[in-house]
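Q: Can you walk me through this one? I'd like to go over the backbone, the interface and the confidence.

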Amino acid sequence: MSARPDFERLMESFLEEGPRALPVSSYDAVRTAIDQKRQRFVFGPWREEQIMSAARIALGAAAVVLLAVIGTRFLPGVISGPGATASPTPASTPTSSPLALPAGHVDLASGTYLITDTAVAKAPVTFDLPGGWTTESAILFKGAASPRDAPIVFATWVIDNVYGDACQWQGSLTPVTTAAELVDALATQGSRKVVGPTGVTIGGAPATMLEMSVADGLNRATCDAATLRSWPDPGPDESGGWRTNPGEVQTVYVIDTANGPFVVMTTLRQTATADQANELRALVESVQVDLESPQPPATQ
Amino acid sequence: MHAALVDRAKQGDREAFDALARLVGDECMAIAFRILRDADRADDAVQSALIFAWTDLKALRDHDRFVPWLHRILTRQCYAEARRARRMHAEIRVLPRETQLESIGYDTVVERDAIERAFRRLTFEQRAILVFRHYLGLPLDDVADRLAIPVGTAKSRLYHATAALRASLEADARTPTTSEEQLA
């Protein structure tokens with residue numbers, strides 16, 4: 001017997017141990033899962049194949065656009081902001097100047113819109129919207145009567161807490177104050193499958209993207225209150241926030257600003273048609289974030 | 001062969017992806033287990049990685065890079081699995097009989113136990129780099145590629161992982177009484 005273990009021999013012997021094959025049942029489970037899943041459309045030339053390591057999350061002052069996470073949003077009331085006006089009818093004609101996104105539930109005409117509400121964005125965000133979209137509390141959606149059912153959804157969010165587990169969410173809130181903390185909290189959220197973080201750019205601004213869906217085989221009925229939650233409203237206010245469901249894909253881009261991070265989110269549900277997916281992609285590609293004029297912190 | 005299947009799978013051919021998964025899945029399981037040291041979690045990580053690979057396959061531009069790309073996804077899934085709340089169940093580990101130890105490279109059960117304890121003390125990032133470098137035998141450039149880190153970082157991480165493993169083994173070797181008591 002060796003008087004002293006050979007380190008290399010030990011390590012290599014140890015690494016040789018263990019299973020070398022995936023069970024057949026697991027292959028079958030994968031096949032069942034992909035039979036029910038559509039492949040994700042690639043959004044824009046700025047999507048990078050290179051997957052950034054978690055160490056690159058800290059982008060400092062760089063803006064990160066976080067593209068929508070799929071889910072439904074529950075807000076206790078109407079969001080209002082500078083220049084926002086509630087109107088029961090859509091704006092008549094698109095103008096060259098961006099239109100302030102109205103508060104409340106409003107059917108929107110096509111045009112370029114501007115979000116300046118500091119409750120949902122830390123920097124002014126503009127985007128081009130085709131016809132047929134509706135806004136409800138600054139959540140834009142198309143193809144259904146409610147963002148909870150719509151096949152495509154677009155929104156911006158200010159997130160100051162993230163649930164540690166989307167299914168067993170009660171009592172699992174983790175506060176986040178920086179872009180790096182936010183990305184890390186989303187990337188490691190329990191009961192989720194996450195692709196990313198990935199370094200991307202939108203409108204020339206560097207961003208970190210995460211694509212989140214619900215873990216395979218998760219039965220929503222076993223979750224707290226039979227719901228899956230991503231994060232609450234700022235505060236935290238758990239009466240509102242983002243929820244998600246199996247089969248949905250949330251793409252989230254985190255933007256860091258001088259006043260802290262916020263996210264741009266999109267939701268793509270399995271009911272979305274190819275045209276709707278393309279429309280959502282075009283919307284994302286039109287996003288511009290004005291980092292030069294970050295919005296002042298909301299007054300308390 | 002991978003490239004042809006990847007091409008068909010990118011166009012939505014589920015049969016092609018299924019065939020692709022069965023070609024690469026076993027190696028993924030081997031990698032995931034050796035990082036996580038838990039067969040159930042490794043299984044979950046591999047399944048998640050394959051499903052993500054299906055949904056995101058259209059983003060893969062170079063078909064020949066499917067395996068490195070998949071390994072990156074797999075590594076991230078392993079890290080995510082490791083961070084999730086640990087399941088409360090007893091891990092029953094079957095130790096090899098003394099007569100089998102020599103054939104698999106160990107001198108004693110103590111030796112085998114020591115390396116396992118030392119490995120489990122490593123971070124998952126350290127485990128991953130050792131697995132890709134010493135189990136798969138990949139050159140450092142390829143290891144860095146699969147872990148999505150710069151080559152310099154890979155070199156440094158490998159050095160520190162090896163040093164940590166060695167130090168842990170040496171620390172255990174200085175307390176042989178404890179190890180033997182654990183075997184009793």
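**Working through the model**

A: Let's start with a proline. In this predicted model, A:Pro197 lies in strand β11 of chain A.

Q: Which residue does the cis peptide bond join to A:Pro197?

A: A:Gly196 is the partner in that cis bond, with omega at about 10 degrees. Most peptide bonds are trans, and most residues other than glycine have a negative phi.

Q: Which residue has a positive phi although it is not a glycine?

A: That is A:Ser191, with phi at about 65 degrees. A:Ser191 is placed in the loop between α3 (179-187) and β11 of chain A.

Q: Let's do the sheet. What is the strand order in the open sheet of chain A?

A: The order is β2-β4-β5-β17, four strands with mixed pairing.

Q: Which strands stand at the edges?

A: β2 (99-100) and β17 (288-289) of chain A do. Each has a single partner strand, so one side of each has no neighbour in the sheet.

Q: In what sense do β2(A) and β4(A) pair, parallel or antiparallel?

A: Parallel, over two bridges, with β4 of chain A spanning residues 111-115. In β4(A), A:Tyr113 is the bridge partner of A:Leu99.

Q: On to the interface. How many residues of chain A and chain B are in contact?

A: 54 residues of chain A contact 64 residues of chain B. The area buried between the two chains is about 5,400 Å². Carbon and sulfur atoms give 56% of that area.

Q: What about polar contacts across the interface of chain A and chain B, how many residue pairs?

A: The count is 23 residue pairs, both members at pLDDT 80 or more.

Q: And which elements of chain A each supply at least two residues of the side that touches chain B?

A: Two helices and two strands: α1 (7-16), α2 (24-35), β11 (192-202) and β12 (205-214) of chain A. α1(A) gives the largest share, ten residues.

Q: How does that side of chain A divide into nonpolar, polar and charged?

A: The side of chain A that touches chain B has 21 nonpolar, 13 polar and 20 charged residues.

Q: How many salt bridges cross the interface of chain A and chain B?

A: Six cross between chain A and chain B. Over all chains, the structure holds 18.

Q: Give me one. What does B:Glu15 form a salt bridge with?

A: Its partner is A:Arg31, with the closest N and O atoms 3.2 Å apart. The pair runs from helix α2 of chain B to helix α2 of chain A.

Q: And which side chain meets B:Arg14 in a salt bridge?

A: A:Asp35 does, at 4.0 Å from N to O. Side chains of opposite charge can pair when their charged atoms come close.

Q: Now confidence. What is the mean pLDDT of chain B?

A: The mean is 84, and 81% of the residues of chain B reach 70 or more.

Q: Where in chain B is confidence lowest, and where highest?

A: Lowest in helix α10 (residues 176-183), at a mean of 46. Highest in helix α2 (residues 14-36), at 96.

Q: Over which residues of chain B is the pLDDT below 50?

A: Residues 87-102 are one stretch, with 25 contacts in the model beyond near neighbours in sequence. Residues 177-184 also stay under 50, with nine contacts beyond four places in sequence. Where pLDDT is low, the predicted coordinates should not be read in detail.

Q: Last one: what ipTM and pTM does the predictor give the complex?

A: The ipTM is 0.84 and the pTM is 0.48.

Methods. Residues are numbered from 1 along each chain as its sequence is written. Chains are lettered from A and ligands numbered from 1 in the order in which they are written. Side-chain values use heavy atoms; hydrogens and water are left out. Contact means heavy atoms within 4.5 Å. Buried area is the accessible area (1.4 Å probe) that two parts lose on being put together, summed over both. A polar contact is a pair of N or O atoms within 3.5 Å; within protein, one must be able to donate a hydrogen and the other to accept it, and residues adjacent in sequence count only if both atoms are side-chain atoms. Ala, Val, Leu, Ile, Met, Phe, Trp, Tyr, Cys and Pro count as nonpolar, Asp, Glu, Lys and Arg as charged, and the others, Gly among them, as polar. Two strands pair if DSSP finds at least two bridges between them. pLDDT is the predictor's confidence in each residue, from 0 to 100.
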